[in-house]
Amino acid sequence: MFEFDLINTDPNTGARRGCLHTPHGDIQTPIFMPVGTQATVKGVTVPQLHDLNAQIILSNTYHLYLRPGTEVIKKAGGIHEFMSWDRPVLTDSGGFQIFSLADTLEFDADGVNFKSIVDGSKHRWTPEENMRIQQDIGADIIMQLDQCTHYPATRDEVALAVERSANWAARCKAAHTREDQALFGIVQGGVFEDLRLESVQRVTELDLPGYGIGGYSVGEDHELMLSQLGTVAGALPAHKPRYLMGVGNPTTLVRGVACGIDMFDCVLPTRTARMGTAFSSTGRMNMRNAKFTEDFGPLDAQCSCPVCQKYSRAYIRHLVKMNEILGGILLSIHNLHFLLDLMRRAREAIEAGEYKQFLDAWMNSPAANDY
RNA sequence: UCCUCGGUAGCUCAACGGCAGAGCCCUCGACUGUUAAUCGAGUUGUUGUAGGUUCGAAUCCUACCCGGGGAG
């Protein structure tokens, strides 16, 4: 049900062109997954996501568990029915949220205690409880409960997180029963390459249908991650999809694909959109800037998105400055298009066996250093 | 004509004898498995004018100018 077809690999880089089959449709990889934490990609409707050719969106177990509550989504018939999205959904386990949001959290070997950010109430998740919740939510792809580490962290701390994440992966697998869901394991290991490889070894022993690479983009230098990424991704089985979690600036996507990454997700395009930032082929633009006041051209002359066909920089600057909701909406659509189209072009380049040229062209473009 | 209230940053207003400030606006920045239409930084002054009292005045006194309200 979750076959991953490796269509072809690039001869000069680690880039791969694949297709992941799910009950709600196929996902052509490499792919960027828009983030819809609370069962909505903020500001963007389902028809708009369809028009953008979003193939899969990500949602979050932590947030949905707290509100509206897993039971509501279960009664709705699952997350697809609940949010009227008929294409694939991936839910993050919430491991990252517990790690990054909760002010008090206590990891132990068996599970994690945490306080709700909503009302301070106490909760405990074990891998088994987390699987029960994610099965009720009903995404196509679910992530194991893992333990992320801060940066910097000591080697001992990271090693413990690797050990626990691997143990929890096994327990998630044992507790997971829905055959219409794919359970992905998660590689941890911080910035210690040997621990990363140990984590890969431990998690891949479980022969799961896909693997996330987590624990990056938590404050370390981006180059540090990129220097290890090819090795870590390359150590994962070739015939399974590889998902670099939480990474989404354009240059990292382009370079990540070259390292053999198949899937990405990030709040960056939508969050920065709401804050007034536009992605473009020439770099990032802060649409609040005065220089756009009378700039009646499109956000990006190269862009084929519906926003660029219709609206000017001057108008979008006006909306953003006036704090009009539409400004964030239009920029969200544009930014998502930018990343989705970037991945579409990456797929074409891989199919043509020309990903190296694609990568070089990007790295030599004025935009590369701006992301 | 008289009475009264007021005049401080572009705007709305604090400070009421002791370093002239805030919010907004404006300019710029950040955002990476979303607690975020968020957060942060910066620019901005003959305190209506002219005198006076005082060690020291946006603040007290006098005159004038401008505006709101009231009386006639």
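Me: Which way do the residues of strand 5 point, and are they buried or exposed?

Reply: Strands (E, at least two residues) and helices (H or I, at least four) are DSSP runs, numbered from the N terminus. A residue is buried if 20 or more other C-beta atoms, placed from the backbone, lie within 10 Å of its own. In strand 5, I57 and S59 point one way, L58 and N60 the other, and all are buried. This is a predicted model, in which local features need pLDDT of at least 70, side-chain atom pairs count only at pLDDT 80 or more, and totals for chains, interfaces and linings use all residues. Residues are numbered from 1 along each chain as written, and chains are lettered from A and ligands numbered from 1 in the order written.

Me: Which residue is the bridge partner of N60 in strand 6?

Reply: Strands of a sheet pair through backbone hydrogen bonds, either parallel or antiparallel. Two strands pair if DSSP finds at least two bridges between them. Strand 5 and strand 6 (residues 89–92) run parallel, joined by four bridges, and N60 has D92 as its partner.

Me: In what order do the three strands of the open sheet stand?

Reply: The order is 1-2-3, with antiparallel pairing. Strand 1 (4–9) and strand 3 (25–29) each have a single partner strand, so one side of each lacks a neighbour in the sheet. Five bridges link strand 2 (residues 16–22) with strand 3; L20 is partnered there by I27.

Me: Which residues come nearest to RNA strand B?

Reply: A residue is near the strand if its C-beta atom, placed from the backbone, lies within 6 Å of it. Of the 48 residues around RNA strand B, the nearest are F96, C148, S217, G246 and V267. Elements giving two or more residues to this surface include strand 5 and helix 13.

Notes:
A residue is buried if 20 or more other C-beta atoms lie within 10 Å of its own, exposed if 12 or fewer, and partly exposed in between; C-beta atoms are placed from the backbone.
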